[in-house]
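Colleague: I want to learn to read strands and hairpins from a model. Can you take me through this one?

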Amino acid sequence: MDRILRTGQRAVCAVTAASALLVAGAGGAAATAAATTATATATAATITVKPSADTTYTQVVQDGDTSAKTTLATCPALCDQNPAGERMAVVGFTVAGLPAGATNIKARLELYAWTASASTTTTAYRASGGAGGSGTWASRPTLGAALDSDTAVTQGHNAWDVSSAVTGNGAVAFAVRQSTRNTRVYWASSENATATARPRLVISYTAPTASPSPSASPSPSPSPSPGWRLVWSDEFDGTALNTTKWNARDSYVDYDRACITSRAKNVFVKDGALTIRAHKENYTCGGSTRSYTTGYLDTRTKASFTYGRFEARIKSPNGPANSRGLWPAFWMRPDDGGNGEIDVTELPGGSAYYKAATAAIFRDYKPTKNDFRYSFPSGHPGDGFHTYTTEWEPGVIRWYVDGREIWRRDGDTTSWLEETFGADATYKRKFHLRLNFQIGGWLGDPDATTTLPADFVVDHVRVWQR
Ligand SMILES: [Ca+2]
């Protein structure tokens with residue numbers, strides 16, 4: 001087995017159910033994202049964020065409010081005639097998908113109550129963490145300013161305006177306290193069996209520009225902000241792969257159902273673009289015959305970078321049907337083969353995945369990772385060329401699709417970011433680029449409906465640094 005490929009194992013890449021819970025839109029059916037064009041240059045959109053954690057903090061631990069997580073409870077200081085009976089509900093969210101430059105951001109915290117309760121005042125606060133805590137009163141989060149109050153509880157969803165606490169992507173937590181009516185109010189938690197009753201954060205915003213229309217043929221992509229200097233690129237303008245820039249591998253990996261070949265049948269440059277073409281054909285590699293062939297490029301020993309802006313303009317082969325088991329990706333691994341992976345984008349096919357582009361970073365493959373599935377507000381990665389960009393800088397990594405920021409990670413979100421992607425004087429790490437087109441694996445193998453041959457087309461790859 002090729003050691004370079006083996007050290008880049010990524011069988012655990014891409015999405016988990018947990019990450020799909022963070023943002024509506026992931027997984028398609030959960031989507032409540034709705035985009036409408038307000039003007040030629042601004043787009044109004046809504047995203048609904050599901051809780052990453054929640055709990056009830058209570059002074060009366062024996063009543064089970066913190067363990068019966070199908071509900072959250074609130075109650076004032078004198079609750080059920082117990083003077084030490086206060087409970088508050090704390091709910092955390094990880095907001096992602098707000099584009100850079102979004103304006104008119106409005107956020108509404110919604111909790112579902114099973115029973116209406118007149119003359120019951122509830123107030124939402126910004127909470128400093130604590131949503132995933134033990135639920136004991138001693139460990140309750142610090143509360144910020146009151147954000148919004150309501151004087152009655154209605155059966156169904158109740159809403160508090162928490163706009164001032166949501167200014168961009170990242171983690172945010174809220175506490176709801178009850179100050180009148182000396183009886184508990186029960187709210188559905190994120191573990192409630194009724195999915196539609198679970199807590200949610202509904203965010204509306206105006207995006208600065210509309211999505212560029214995908215074109216059928218290669219064309220320029222969004223320009224980077226000033227300060228970035230182009231240091232490496234391949235526009236794929238020739239008639240053959242430039243092997244001074246790329247290694248085209250002949251190999252195989254355990255998690256890929258295909259044999260990887262450098263044949264022109266699998267990897268070719270034509271009409272200004274690179275194509276990695278997967279075929280259904282019997283081929284022998286590693287002493288056994290597999291049913292597919294594909295291609296795999298990397299720049300190891302030819303181009304490696306510490307920090308930079310990494311971009312590829314890509315057309316995925318994956319549409320809503322006939323794409324199961326097809327998994328193109330543009331990603332990076334360190335030359336030293338150690339910890340760390342940056343996925344600029346992964347574009348797995350299949351009806352459950354084709355709408356989203358996955359951004360991810362890995363520390364190791366145990367796996368310690370952060371990942372995010374970005375669902376296109378309209379269209380999908382396979383409807384034309386789209387530009388996928390990652391800016392890796394000291395202390396922060398940002399991801400963009402078609403020039404819009406979709407996600408970022410920093411030391412606050414990711415404790416191991418600096419350890420894995422930092423570059424101090426004694427441990428300056430260089431990462432090389434990878435383009436591959438995996439067939440099958442843990443998101444599903446191709447089935448009888450999968451259309452092959454299939455083309456993963458790359459118009460360009462560009463790298464900038466500052
Ligand atoms: Ca090109």
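Colleague: In the hairpin of E27 and E28, which residue takes a positive phi?

Modeller: Strands here are DSSP runs of E, at least two residues long, and helices are runs of H or I, at least four residues long, numbered from the N terminus. In the hairpin of E27 and E28, two residues lie between the strands, and Asp402 has a positive phi near 50 degrees. This is a predicted model, where local features need pLDDT of at least 70, side-chain atom pairs count only at pLDDT 80 or more, and totals for chains, interfaces and linings use all residues. Residues are numbered from 1 along each chain as its sequence is written.

Colleague: In which sense do E27 and E28 pair?

Modeller: Strands of a sheet pair through backbone hydrogen bonds, either parallel or antiparallel. The criterion is at least two DSSP bridges between the two strands. E27 and E28 (residues 404-410) are antiparallel, with six bridges. Trp399 has Trp407 in E28 as its bridge partner.

Colleague: Which strands form the open sheet, and in what order?

Modeller: The order is E3-E5-E10-E7-E8, five strands with antiparallel pairing. E3 (51-58) and E8 (142-150) are the edge strands, since each pairs on one side only. Neighbouring strands are turned by 25 degrees against each other on average, direction ignored. For such angles, axes are lines fitted to C-alpha atoms, for helices over the stretch in contact, and values run from 0 to 180 degrees between N-to-C directions. E3 and E5 (residues 87-95) run antiparallel, joined by seven bridges. There, Thr55 faces Val90 in E5.

Colleague: Which way do the residues of E11 point, and are they buried or exposed?

Modeller: Buried means 20 or more other C-beta atoms within 10 Å of the residue's own; exposed means 12 or fewer; partly exposed is in between, with C-beta atoms placed from the backbone. In E11 (residues 185-188), Val185 and Trp187 point one way, Tyr186 and Ala188 the other, and all are buried. E4 (residues 71-74) runs antiparallel to E11, over four bridges. Leu72 has Trp187 as its bridge partner in E11.

Colleague: How many helices and strands are there in the protein?

Modeller: Three helices and 30 strands. Of its 466 residues, 48% count as buried.
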